[in-house]
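Here's a quick tour for anyone meeting this structure for the first time. Take a look at the sequence and the model, then read on.

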Amino acid sequence: MGKKPIIYVVSDSVGETAELVTKAAVSQFTNVDVILKRFPYVEEIENIEEVISLAKLDSGMIAYTLVKPDMSKYMREAAAREGLYACDIIGPLMAQVGELCGQTPLYEPGLVRKLDEDYFKKVEAIEFAVKYDDGRDPRGILKADIVLVGVSRTSKTPLSQYLAHKRYKVANVPIVPEVDPPEELFLVPKEKCFGLRITPDKLNQIRRERLISLGLNDKAIYANIERIKEEIEFFDTIVSKIGCPVIDVTNKAVEETANVIVNLKQNKLKNL
């Protein structure tokens with residue numbers, strides 16, 4: 001039985017891209033058992049020389065993603081010097097993208113991984129906002145980066161989703177006079193909580209429009225001005241007890257309120 005062919009997969013980052021592309025190429029050959037040896041975080045000339053020596057010893061080949069031009073050039077020349085085949089996976093494509101866009105690449109290793117991590121953080125935050133929306137599970141209050149507190153129709157849910165797209169894990173809690181707020185609301189650090197306040201007249205208008213859009217009577221207790229004043233009074237009592245910042249959302253778009261919250265959080269972090 002012959003010796004199994006060996007491909008050295010070399011990268012200046014984790015090496016996932018190089019390995020994935022190499023595996024895709026190998027998969028096109030049936031009954032071929034190829035050994036892949038991954039060499040991640042290759043950042044020095046000495047690392048390249050080591051790979052070259054091993055590949056020569058094994059009569060193997062090299063597949064690499066080295067984004068820094070000097071490292072890529074050294075790999076290409078060193079492999080040629082030793083009679084080895086080295087496939088530059090990312091270099092030619094990166095050069096063509098640069099031509100197409102009229103820009104010079106950043107030449108910074110690991111950017112794909114950073115983008116992936118950022119994407120998954122966003123997905124995680126969005127799922128969190130859905131899971132802990134409208135006070136459905138009080139346990140989320142203690143896990144959240146931001147806790148929104150407000151009466152019905154103060155844009156808690158859209159605001160939660162907007163902030164989730166900025167990678168914040170957000171839980172929101174509805175305030176209703178007949179229901180005691182969850183005890184977790186008074187255990188979470190007050191700087192994580194934000195009360196959303198709105199004028200009674202504006203809330204009355206929003207709720208009436210909501211009832212009409214649902215085909216319901218806009219004279220219902222939900223849109224009654226006295227009832228609304230009672231709810232806001234109860235809200236004021238709760239946020240006062242928490243001691244958290246209160247934002248007037250009466251004439252603010254979701255984006256504006258989100259920016260206020262993010263700025264308040266960032267300023268708090270700077271002052272720590």
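Is Val-239 buried or exposed? Val-239 is buried, because its relative accessible area is 5%, and a residue counts as buried under 20%. Bear in mind that this is a predicted model.

**Around Val-239**
- Val-239 sits in helix H9, which covers residues 225-242.
- Val-239 and Phe-194 are 45 residues apart along the sequence, yet their C-alpha atoms are 8.3 Å apart in space.

**The sheet S2-S1-S3-S4**
- Four strands make up this open sheet, in the order S2-S1-S3-S4, and they pair in parallel.
- Strand S2 (35-39) and strand S4 (86-88) are the edge strands, each pairing on one side only.
- Going from one strand to the next, the twist averages 20°.
- Strand S1 (residues 6-11) and strand S3 (residues 61-65) run parallel and are paired over five bridges.
- Look for Tyr-8 if you want a specific contact: its bridge partner in S3 is Ile-62.

**The sheet S6-S5-S7-S8**
- Here too, four strands form an open sheet with parallel pairing, this time in the order S6-S5-S7-S8.
- Strand S7 (residues 193-197) runs parallel to S8, and three bridges join the two.
- Arg-197 has Asp-248 as its bridge partner in S8.

**The largest pocket**
- The largest pocket has a volume of about 670 Å³.
- It is lined by 30 residues, and those closest to its centre are Val-67, Ile-90, Glu-108, Leu-111 and Val-112.
- Helix H1 (16-26), helix H4 (91-101) and helix H5 (111-131) each bring at least two residues to the lining of this pocket.
- H5 gives the most to that lining, with six residues.
- Sorted by class, the lining of the largest pocket has 15 nonpolar, nine polar and six charged residues.

**The second largest pocket**
- Next comes the second largest pocket, at about 290 Å³ in volume.
- Its lining has 20 residues, and the closest to the centre are Arg-153, Thr-154, Ser-155, Lys-156 and Pro-158.
- Helix H7 (156-164), strand S6 (170-174) and helix H10 (254-270) are the elements that give two or more residues to this lining.
- H7 gives the most to the lining of the second largest pocket, with four residues.
- By class, the second largest pocket is lined by eight nonpolar, seven polar and five charged residues.

**Cysteines**
- How many disulfides does a search of the whole structure find? The search turns up zero disulfides.
- Cys-193 is in no disulfide: the nearest cysteine sulfur belongs to Cys-244 and is 5.4 Å away, while the cut-off for a disulfide is within 2.5 Å.
- Cys-193 is buried, with a relative accessible area of 0%.

**Two backbone angles to check**
- Tyr-107 has a phi near 55°, a positive value in a residue other than glycine.
- You'll find Tyr-107 in the loop between H4 and H5.
- Tyr-107 counts as partly exposed, with 32% relative accessibility.
- Arg-167 also isn't a glycine and has a positive phi, near 75°.
- The loop between H7 and S6 is where Arg-167 lies.
- Its relative accessibility is 30%, so Arg-167 counts as partly exposed.

Conventions
Residues numbered from 1 in each chain as written. Predicted model: local features only at pLDDT ≥ 70, side-chain atom pairs only at ≥ 80, totals over all residues. Heavy atoms only, no water. 1 Å grid on protein atoms, 1.4 Å probe; cavity = no way out; pocket = protein on both sides within 12 Å on 5 of 7 lines; lining within 4 Å. Points joined across faces, edges and corners; volume = space filled by probe spheres on them. Nonpolar A, V, L, I, M, F, W, Y, C, P; charged D, E, K, R; others polar. Buried < 20%, exposed > 50% of the residue type's maximum accessible area, 1.4 Å probe, protein only. Pairing = 2+ DSSP bridges. Axes fitted to C-alpha atoms, helices over the stretch in contact; angles between N-to-C directions.
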